[in-house]
Amino acid sequence: VKAAQLWRRMINTLYETGHPWMTFKDPANIRSPQDHAGVVHSSNLCTEITLNTSKTETAVCNLGSINLMRHVTNGAIDKDELENTTAIAMRMLDNVINVNFYPTKEAKRSNLKHRPVGLGIMGWQDALYSLDIQFDSSEAVELSDEIMEFISYHAILTSAKLAEEKGAYESFKKSKWDRELLPIDTIDLQEQERGLTVEVNRSSRMDWTPVREHIKLH
């Protein structure tokens, strides 16, 4: 089957039915923080989670979502409140790993060993409406980039603080975190692997030095 023909069929099916959601295995493995601990063979249905699976481990995704609409105050995103919510959400997700019911020993083994969590957002379109920003405007894109960096910053920092309190997760050693590679750094790895330019903006609005130092220490 010609690649272009297959791609057209996939896009048409996605447009008509909303499924399947698609992701790509090679970049998922190149950028995986847990590349030292196994191979990413698949994802969950919506493809936002890609974790290692094997005969002895079944990947489990522990998900939370921040409602951005609840963080709009006086015509702006309340970043103090958003920082607080992000920190609480990360602690809740970490606690879920310990208190959860696991139907199989493979799922329990994987979750306790790697402690993977995913923190996303909801209510984005409601927040934009409340802020009187067009959904498809450049202003919306800029705000999205700013807010997601902010959430990422405080989510990763909170994770490092949890490590300071409780110790690093079992498979931390030799992970990309241990090798001082944050998600934004792994775009360069993708570029090297492909031998092509990956046109993704690497700029940051925030000073990530404290986050990197906290990870390195703890």
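Colleague: Which residues of α7 are buried?

Modeller: This is a predicted model, and the protein has 8 helices and 6 strands. Helix α7 spans residues 186–194. Its buried residues are Thr186, Ile187 and Gln190.

Colleague: Within what arc do the buried residues of α7 fall, seen down the axis?

Modeller: An α-helix has 3.6 residues a turn, so residues three or four places apart point the same way. The buried residues of α7 line one face of the helix. What covers them includes α2 (25–31).

Colleague: Which residue follows α7, and what is its phi?

Modeller: The residue that follows α7 is glycine 195. Its phi is positive, near 70°.

Colleague: Is histidine 154 buried or exposed?

Modeller: Histidine 154 is found in helix α6, which covers residues 138–166. Its relative accessibility is 9%, and a residue under 20% is classed as buried. Histidine 154 therefore counts as buried.

Colleague: With which residues is histidine 154 in contact, leaving aside its neighbours within four places in sequence?

Modeller: Histidine 154 belongs to helix α6. With neighbours within four places in sequence left aside, its contacts are Glu83, Thr86 and Met206.

Colleague: How many residues apart are tyrosine 153 and tryptophan 208, which form an aromatic pair?

Modeller: A search of the whole structure finds 3 aromatic pairs. Tyrosine 153 and tryptophan 208 form one that is edge-to-face, with 5.1 Å centre to centre and 70° between the planes. The pair links distant parts of the chain, with tyrosine 153 in helix α6 and tryptophan 208 in the loop between α7 and α8 (209–217). Their separation is 55 residues.

Colleague: Why is the pair of tyrosine 169 and phenylalanine 172 edge-to-face?

Modeller: Tyrosine 169 is buried, with a relative accessible area of 18%, and phenylalanine 172 is buried at 12%. The centres of their rings are 5.8 Å apart. Planes over 60 degrees apart count as edge-to-face. The pair is edge-to-face because its planes stand at 85°.

Colleague: In what sense do strands β1 and β2 pair, and over how many bridges?

Modeller: Strand β1 comprises residues 40–43 and strand β2 residues 50–52. The two form a hairpin with 6 residues between them, and threonine 47 in the turn has a positive phi of about 70°. The bridge partner of serine 43 in β2 is threonine 50. The pairing is antiparallel, over 3 bridges.

Colleague: Where does alanine 59 lie, and which residues is it in contact with beyond its neighbours within four places in sequence?

Modeller: Alanine 59 lies in the loop between β2 and β3 (62–67). At 28% relative accessibility, alanine 59 counts as partly exposed. Its C-alpha is 9.3 Å from that of asparagine 44, which is 15 residues apart from it in sequence. Leaving aside neighbours within four places in sequence, its contacts are Leu51, Asn52, Thr53 and Ser110.

Colleague: Which residues does a cis peptide bond join?

Modeller: Proline 20 lies in the loop between α1 and α2. The bond in question has an omega of about -5°. The residues joined by this cis peptide bond are histidine 19 and proline 20.

Colleague: Is aspartate 132 buried or exposed?

Modeller: Aspartate 132 has its place in the loop between α5 (124–130) and α6. Its phi is near 60°, a positive value in a residue other than glycine. Its relative accessibility is 70%, and over 50% is classed as exposed. Aspartate 132 therefore counts as exposed.

Colleague: What is the relative accessibility of arginine 115?

Modeller: Arginine 115 lies in the loop between α4 (105–114) and β6 (117–122). Its phi is near 50°, a positive value in a residue other than glycine. Arginine 115 counts as partly exposed, at a relative accessibility of 22%.

Colleague: What is the radius of gyration of the protein?

Modeller: The C-alpha atoms fill a box of roughly 55 × 50 × 40 Å, taken along the principal axes. With 218 residues, a compact globule would have a radius of gyration near 17 Å. The value for the protein agrees with this, at 19 Å.

Methods:
Residues are numbered from 1 along each chain as its sequence is written. This is a predicted model: local features need pLDDT of at least 70, side-chain atom pairs count only at pLDDT 80 or more; totals for chains, interfaces and linings use all residues. Side-chain values use heavy atoms; hydrogens and water are left out. Buried means under 20% relative accessible area, exposed over 50%, partly exposed in between (1.4 Å probe, protein chains only). Contact means heavy atoms within 4.5 Å. Rings of Phe, Tyr and Trp (its six-membered ring) pair if their centres lie within 6.5 Å; planes under 30 degrees apart count as stacked, over 60 as edge-to-face and the rest as tilted. Two strands pair if DSSP finds at least two bridges between them. The radius of gyration is taken over C-alpha atoms; the globule rule is 2.2 Å times the number of residues to the power 0.38. The arc is that of the directions from the helix axis to the C-beta atoms.
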